[in-house]
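Here is a short briefing to read with the structure open.

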Amino acid sequence: MPQLSLSTNVPVDAVVAADILKDCSRALAKIIGKPESYVLVSINGSVPMAFAASEEPAAYGELMSIGGIGPGVNGKLSAALAEILETKLSVSRSRFYIKFDDVKGSNLGFNGSTF
């Protein structure tokens, strides 16, 4: 159910991408409290992007989940994801935005149906 899409202007090779996907998937499952078997993570590197009029390393993410997110959890998620991006891609925490979206199960399709 949790789905994280990340975009960055930093080039991301296959090895680094695999590490980021794995680390983000684990972090999301643990913090949100959903089974990792439902977590979907994607990353797009080398995306033209300027943050504060600068093309220094930056990233943007969108996290969608059916429940499990909100004021008490979003800060933890933001910190965990920022740490991963800073460690793996040298994207400063101050150059990463993330948007959280708590959706109704009826608005998310899976396996030919909805949740």
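Buried means under 20% relative accessible area, exposed means over 50%, and partly exposed lies in between. Phe110, at 45% relative accessibility, therefore counts as partly exposed. The model is predicted. A search of the whole structure finds four aromatic pairs. The largest nonpolar core holds 26 residues.

**Aromatic rings**

- A pair of aromatic rings is described by the distance of the centres and the angle of the planes.
- Four aromatic pairs turn up in the whole structure.
- One of them is Tyr38 with Phe115: the ring centres are 6.1 Å apart and the planes meet at 70°, so this pair is edge-to-face.
- Tyr38 is partly exposed at 35% relative accessibility.
- Phe115 is partly exposed too, with a relative accessible area of 39%.
- Phe110 and Phe115 have ring centres 5.4 Å apart and planes at 15°, so they are stacked.
- Through such ring pairs, Tyr38, Phe110 and Phe115 form a cluster.

**Nonpolar cores**

- Which members of the largest nonpolar core touch the most other members? They are Leu4, Leu6, Cys24, Leu28, Leu63 and Phe96.
- At least two residues of this core come from each of strand S1 (3-8), H1, S2, strand S3 (59-65), helix H2 (71-89) and strand S4 (96-102).
- A second, separate core has five residues, among them Met1, Ile66, Val103 and Leu108.

**Helix H1**

- H1 has 20 residues, which should span 28 Å at 1.5 Å a residue; its end C-alpha atoms are 28 Å apart, in agreement.
- Asp13 caps the N-terminal end of H1, with a side-chain oxygen 3.1 Å from the backbone nitrogen of Val15.
- The buried residues of H1 are Ala17, Ile20, Asp23, Cys24, Ser25, Ala27, Leu28, Ala29 and Ile32.
- Their cover includes S1, S2, S3 and H2.

- Asp23 is found in H1. Its relative accessibility is 19%, so Asp23 counts as buried.
- Setting aside neighbours within four places in sequence, Asp23 is in contact with Ile84 and Lys88.
- Cys24 also lies in H1. Cys24 is buried, with a relative accessible area of 0%.
- Not counting residues up to four places away in sequence, Cys24 touches Leu4, Leu6, Val41, Leu81 and Ile84.
- Cys24 and Tyr97 are 73 residues apart along the chain, and their C-alpha atoms are separated by 15 Å.

**Helix H2**

- The 19 residues of H2 should span 27 Å at 1.5 Å a residue, and its end C-alpha atoms are 27 Å apart, which agrees.
- Buried in H2 are Val73, Asn74, Leu77, Leu81, Ala82, Ile84, Leu85 and Leu89.
- Viewed down the axis of H2, the buried residues fall within an arc of 160°, so they line one face of the helix.
- An α-helix has 3.6 residues a turn, so residues three or four places apart point the same way.
- Gly72, Lys76 and Thr87 are exposed on the other side of H2.
- S1, H1, S2, S3 and S4 are among the elements that cover the buried residues of H2.

**Asn9 in its loop**

- Asn9 lies in the loop between S1 and H1.
- Is Asn9 buried or exposed? Asn9 is buried, with a relative accessible area of 15%.
- Which backbone atom of Met49 lies 3.3 Å from a polar atom of the Asn9 side chain? It is the backbone oxygen of Met49.
- The backbone nitrogen of Ala58 lies 2.8 Å from a polar atom of the Asn9 side chain.
- Leaving out residues up to four places away in sequence, Asn9 touches Ser46, Val47, Met49, Glu55, Glu56, Pro57 and Ala58.

Terms used. Residues numbered from 1 in each chain as written. Predicted model: local features only at pLDDT ≥ 70, side-chain atom pairs only at ≥ 80, totals over all residues. Heavy atoms only, no water. Phe/Tyr/Trp six-rings, centres within 6.5 Å; stacked < 30°, edge-to-face > 60°. Buried < 20%, exposed > 50% of the residue type's maximum accessible area, 1.4 Å probe, protein only. Core = buried A, V, L, I, M, F, W, Y, C linked by side-chain atoms within 4.5 Å. Helix = DSSP H or I, 4+ residues; strand = E, 2+ residues; numbered from the N terminus. Expected span 1.5 Å × (residues − 1). Arc of directions from axis to C-beta. Contact = heavy atoms within 4.5 Å. Polar contact = N/O pair within 3.5 Å; in protein donor to acceptor, adjacent residues only side chain to side chain.
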